[in-house]
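Have the model open beside this text.

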Amino acid sequence: RFEYPRRKLSLKWTQRSVDSFLGLPFNIASYAFLLHLLAKEVNMLPADLIFSGGDVHLYTNHIEQAKEQLKRKTFFLPTLKMKNRTIYDLKIEDFEIIDYQSDKILKGELSN
């Protein structure tokens with residue numbers, strides 16, 4: 001018998017250092033995915049994703065791309081649909097991202 005989730009699960013991660021333009025968007029997507037997996041496994045609803053950063057920086061060779069990003073419109077968040085299996089049995093084909101929208105790619109060189 002399926003039980004409907006009654007509680008919400010939030011996830012907070014702390015990161016010592018992050019490149020705001022190239023790294024942080026990937027980190028947000030990764031931790032959002034982890035939040036969904038954990039919530040599913042414990043029969044809860046995913047809620048807040050909270051980031052705490054130490055050295056959160058923007059490299060000088062990414063300033064123009066960041067300015068362009070700030071001018072762009074935002075889109076509604078997509079929905080992640082997963083098959084009803086334990087996280088240990090899930091495969092890539094068990095996931096579907098619904099209503100994903102994006103703007104044109106902004107490229108930036110890695111900085112060292």
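**A walk through the model**

Helix α1 supplies the largest share of the lining of the largest pocket, 10 residues. Helices (H or I, at least four residues) and strands (E, at least two) are DSSP runs, numbered from the N terminus. This is a predicted model: local features need pLDDT of at least 70, side-chain atom pairs count only at pLDDT 80 or more, and totals for chains, interfaces and linings use all residues. Residues are numbered from 1 along each chain as its sequence is written, and side-chain values use heavy atoms, with hydrogens and water left out.

Stay with the pocket. Rolling a probe the size of a water molecule over the atoms shows where empty space is left. On a 1 Å grid over the protein atoms alone, a pocket is an open set of points where a 1.4 Å probe fits, with protein on both sides within 12 Å along at least five of seven lines; lining residues have an atom within 4 Å of a point. The largest pocket has a volume of about 1700 Å³, where volume is the space filled by probe spheres set on the points. Of its 37 lining residues, P25, I28, A29, L77 and Y100 are the closest to the centre. Two or more lining residues come from each of α1, β2 (45-57), α2 (63-71) and β3 (79-82).

Now look for the core. Which residues make up the largest nonpolar core? They are L11, W13, V18, L24 and L35. Such a core is a set of buried Ala, Val, Leu, Ile, Met, Phe, Trp, Tyr and Cys residues joined through side-chain atoms within 4.5 Å. Strand β1 (8-19) and helix α1 (23-41) each give two or more residues to this core. The most come from β1, with 3 residues.

Next, find Q15, in strand β1. Is Q15 buried or exposed? Q15 counts as buried because its relative accessibility is 16%; buried means under 20% relative accessible area, exposed over 50%, partly exposed in between (1.4 Å probe, protein chains only).

Finish at L110, in the segment after β4 (95-98). L110 is exposed, with a relative accessible area of 72%. L110 and H62 are 48 residues apart in sequence, and their C-alpha atoms are 9.3 Å apart in space.
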